[in-house]
Amino acid sequence: MRTSLFSLTGLAVLFACGADTAGAATTSAGILVNARIHALDAAHPMAEALAWDAAGRIVAVGTREAVLAKAAAGARTHDARGATVVPGLIDAHAHLMGLGLALMSADLVGARSRAEVIARLLEFEKRLPPGAWLLGRGWDQNDWLDKSFPTAAELDQHFPTRAVWLERIDGHAGWANSAALRRVSRDLSGDWQPDGGRILREGTKPTGVFVDTAMDLVNGVVPPPDEAFRAEALTRALASAASVGLTGVHDMGTSAADLDLFGKFADEGRLTLRVVAYADGDSTALEDRCRTGPYLHPSGRVRMAGVKFYADGALGSRGAALLEPYRDDPGNSGILVTPPDKLLAGMQKAHRCGLQVATHAIGDRGNRLVLDEYAKVLGKDETGDHRWRIEHAQVVSLADIPRFAKLNVIASMQPTHATSDMPWAEARLGPDRLAGAYAWRRFEKAGVRLALGSDFPVESADPRLGLYAAVTRRDLDGKPPGGWLPDQKLTPAEALQGFTTDAAWAGFMERDVGRLESGLRADFVLLDADPIASPPARLPAIRVLSTWVDGVAVYTAQ
Ligand SMILES: [Zn+2]
């Protein structure tokens, strides 16, 4: 909410007074008082006040008197009313545009009738640019009174011209309207069927529902999102991230086009969090970095000095590369999605260009391969300050965990992956391999730095859920009661460190963020309870009261 101007310096004050979404990234000097501040600074772990300058840099942290003495004349005072303050939360592994695009499709999960589906679509359409496809997902005719498959005609009544394409809850069927069907060049009438799929028809005419591979006929004509659509998607992702206390993300696999968009938002003062971007493999974005060096936006909001590669697949779909076959699929040991020599060449190129490497590795074979290749590429630099990382490090041979420490490799892990995967991980791996699965405590004991994140939109972007999963290893229903593989739990302080200080370090941002101390940026979050002292079961329910970046509120709870 924008209130009145307080001075002729205008905008600076406007945005410092608690806007729910920041427009221009102009800032002004401020003081936060009456707070319980976890500074995460060993010298001053707790403080009650914080001051920053007009550039958004912290100038003092400590007692109210000490901070008031150092604050700039005219700094605006904000009363925290006893709230707990932590450094801005950083998600060390996320997909910002992925979240935005997910937020740009209608959520139909749980719709109890066709009428409810239509109502949700009409509501959703209000925010869509003209001409854009209306995409949605999550319908399930089993939830409706009439359990027959829906038809194009039911959508046509409400959407005669805009193309509509809605994926079923399981992703194995799609429901299109006639405007969407008209875009498919192949004649859909007759009695032919694609291999591995089915076009539902009445007589020879398609009804609008496509099953399995038949969905490709429509997916193939959905236009890639245009600039306006992408900008709206990013806007929504930013608002969503700010509302859960995120002030930074490490964007894992950023295309040159995405980097341009982040930079444009930063130019316009609309980028309400700090993005540490990693180029999307051996791509244009990587070429650009090799040619012109690391990217750093003058605002400090966007940086790209690294690249993300993929070694293997994922555990759920049995694509993670394992040293021994899957327990529940004895002929299968997973897949290396990038041939090892190509992966090695990519790492060598990044090393030559002075870039940080982050590589996705989930299975124990994938992790071993990446460690071997990192050792080969880094050579005598392995003990240096390269901060190369393994993304997920999900199932690791116990013999390889100490190698992370030896090679100075960061384990970038996602606590909610453990609690999402725990119902079936043992079926895939058997009991023995679980010892090195989601083994946060073992990494910590081996002296490995843990950067924590969510992998949103695969998991929720909400870091409170990540803190909860890290501390309890339970699902949101509290199961299993003692936590899954409970000896691998982190303490609340360690979990918070993983989402702040250590995430900052993993992104070469420790001189800017991750702690609250003089000289760093005023990125912080006000909470209605203390995440370190609260009972762990309460963590998901802690309220984010406001989120601040460079001393400007980018989100305020209503
Ligand atoms: Zn990811």
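In which helix is the place of Q497?

Modeller: Q497 is placed in helix α18, which covers residues 492-498; helices here are DSSP runs (H or I, at least four residues) and strands are runs of E (at least two), both numbered from the N terminus. The model is a predicted one, in which local features need pLDDT of at least 70 and side-chain atom pairs count only at pLDDT 80 or more, while totals for chains, interfaces and linings use all residues. Residues are numbered from 1 along each chain as its sequence is written, and side-chain values use heavy atoms, with hydrogens and water left out.

Q497 has a relative accessible area of 36% and therefore counts as partly exposed (buried is under 20%, exposed over 50% and partly exposed in between, with a 1.4 Å probe and protein chains only). Setting aside residues up to four places away in sequence, Q497 touches D502 and A503, where contact means heavy atoms within 4.5 Å. R183 stands 314 residues from Q497 along the chain, and the C-alpha atoms of the two are separated by 51 Å.

The loop between α17 and α18 holds R473 and P480. R473 has a relative accessibility of 1% and so counts as buried. Its phi is near 50°, a positive value in a residue other than glycine. P480 is joined to K479 by a cis peptide bond, with omega near -15°. Most residues other than glycine have a negative phi, and most peptide bonds are trans.

The zinc ion has as protein donors H93 (NE2), H95 (NE2) and D455 (OD), which lie 2.1 Å from it. Donors are N, O and S atoms within 2.8 Å of the metal (3.2 Å for Na, K and Ca), and sites may look incomplete because water is not among the atoms. Along the sequence, the spacing of these donor residues is H-x1-H-x359-D. H93 and H95 are both buried.
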